[in-house]
Structure formats: C-alpha cells, structure tokens
Amino acid sequence: MPSAAQLLETAKKYFAPLPAAADSPNNPITLEKVALGRILYYDTRLSKNHDLSCNSCHKLDDYGVDHEATSPGHKKQRGERNTPTVYNAAFHIAQFWDGRATDVEDQALKPVTNPVEMALADEAACVNSVKSVPGYADLFKAAFPADPDPCNPRNISLAIGAFERGLVTPAPFDDFLGGNMTALNSDALRGLELFIELNCVSCHTGPTLGGTMYQKLGAVKPYEAKDVGRFKITNKPEDKHVFKVPGLRNVAKTAPYLHDGSAKELGDALDVMAEYQLAKGKLSDEEKTYLIAFLDSLTGKIDMDYIKLPELPISGPDTIKPDPN
C-alpha cells in the first residue's frame, strides 16, 4: 500500500478540494435568486408540451443524469450526445461536450429552445410561458428587485445558474485532500497512485478532476466516430474529435460514459481511455479494480434539502397550454 502521507503531497500538485459553491462575480448568489432558479429547474412549463424540465435529463436525486445513452426530448426525439451531470459542472471552463456555452448561465436556455429537447420556439416564447403563470411575477421581483421588468431571458438564465452553482458534492476524496489520512481505503489509495502514474492527470485535474480543458478523443489511436466535436463550433481542423474533458466527480454513479454514451460501465470507459488515450494501451483487471476504487472515492454527498422539489406556481386561466406538435 502506498504511503498516504506521501501520496497526499503528490496529489496536491494536481487536485484541490471542492469549494462550497461555484461563485461567479457575474452572477452573485442570493437566496431569492436560488429559490427562483430551483423552481424554474423543475418546471415543465419551460417545455413546449409541458412534459420536460431540466430535471428530466439532469435528475438531481440521481447524481444529475438519466442513465440514458442519449436523452429523450420533445416527441421522444433523441439528441446526439450523452447528457452530462449538472453536479459540479459550474466549475468547468465551459458547458456542453463541445464547450459552446461559456458557463451555466449561458447554457441554461439552450435546451429550452432546442427543437429536439424542450422545443420552445425561442427565448421570447420561454419568457411568455413564464409570464403567463401568475405566481412568477412576485418571485422574479424578489430575485431581481432593481429590474423594472425582471422576467426576461437573462434573468431566467441567471436564476437557474445561481441554483446550479450550489450543486456541489463534497466526497471522501476531499477529506483526504484536507489531510484525513484514513478517508481513502488501501485500494483507493493504490488507485489514486495509479491514476497519477498512468498520467490520467494530464487531463483530469483540478477540483472536479476534469472540465478544465479540451482534448482529442483518440490521442494515441484514432477513435472512429461520426461526431466531430468542437469542429462543429470552431471549424478548425485541429478541433476534429476534440471534446471538453469530463469531470470525474460522481463518475461511479453517472453511467453510461463518453460523449455518445457507448461505454455502459465504468470498466468499459477505463478500457476506452487506456486504448485510445494512454500509451499503455491496456489495463489489467487488477489495475481497473484499483482505479475504480479511487473513482468511487469521488462519489459525493447530495444535499437533499437543497434539491427538494419546490412548490411550483399554479397555472392561471391565461397560462400557455401544452403543445404536443
């Protein structure tokens, strides 16, 4: 078994404990803003047919995922990519696999107006739907008291973002980084040592063990995929098959894996990483056992009070009706 004390000093070079919240100077967190964002997160009236909410794909009581390879949206349409967890995502450099949203606020309304997902026509339709629910007026006024017309696309995004910035899951690994030498068992310690030795830390670093950079899937061996990743956004040849490196927080609870959801189990994902990203090429069963033990130590605690289903404002006579078309 590796020395916990020596391993801790090495680990501190690559990792850091999770902060309590993903604060942003562009979106100061207030109780009123978070309360509004929580309601909007769960409200299916932000979808065309009133059958989908943010929580439909990012299930907060199940580590922020739906365990589907790709998620069903409006009229059961399927998107092209696996739904990433929303937990700890606000710490990342950008949102979506291709990084097309700069932060969680920029991301918030994109699924709402995506025809394959929640399918509202545009941001104006989202505002109209929210404004047609009488109880929202006071909630927006409380969250944005200085704004004469507080129910607008930007404020909807800010409220949802403020709520998501509190979706943080501290784990045993944080206790270890804080100096608790018994926080990880012997298998997890050996897995952490392997994680560093195999140079997984070339991509998976920082508080979320990822989410800090973009990398090509197929670094040491071509990975056959139709999805060209960031190339769709940048049109730069060097961005073909480049994706945001996923954070590994709660990874043991967020199957399936990869941008296409093709790796059904955590061991499958490790096999893909070894073959296509690592010079080693293949992991032994023993190595995978140790690595999985370490990755288990990244499973954090969900604050059930924070994600508790709120009381949603009641629809009024003029509330926009669901549209299945």
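View 1. Phe243 is buried, with a relative accessible area of 5%, where buried means under 20% relative accessible area with a 1.4 Å probe and protein chains only. The model is predicted, so local features need pLDDT of at least 70 and side-chain atom pairs count only at pLDDT 80 or more, while totals for chains, interfaces and linings use all residues. Residues are numbered from 1 along each chain as its sequence is written, and side-chain values use heavy atoms, leaving out hydrogens and water. The structure holds 13 aromatic pairs, a pair being two rings of Phe, Tyr or Trp (its six-membered ring) with centres within 6.5 Å. Trp97 and Phe243 form one that is edge-to-face, with 6.3 Å between centres and 90° between the planes, where edge-to-face requires planes over 60 degrees apart.

**View 2. The surroundings of Asn82.** Asn82, found in the loop between H3 and H4, counts as buried at 6% relative accessibility. A polar atom of the Asn82 side chain lies 3.1 Å from the backbone oxygen of Ala69. Not counting residues up to four places away in sequence, Asn82 touches several residues, including Trp97, Pro256 and His259, where contact means heavy atoms within 4.5 Å.

**View 3. An aromatic cluster.** Tyr14, Phe15, Phe173, Phe176, Phe195 and Phe294 form one aromatic cluster.

Notes: Phe/Tyr/Trp six-rings, centres within 6.5 Å; stacked < 30°, edge-to-face > 60°. Buried < 20%, exposed > 50% of the residue type's maximum accessible area, 1.4 Å probe, protein only. Helix = DSSP H or I, 4+ residues; strand = E, 2+ residues; numbered from the N terminus. Polar contact = N/O pair within 3.5 Å; in protein donor to acceptor, adjacent residues only side chain to side chain.
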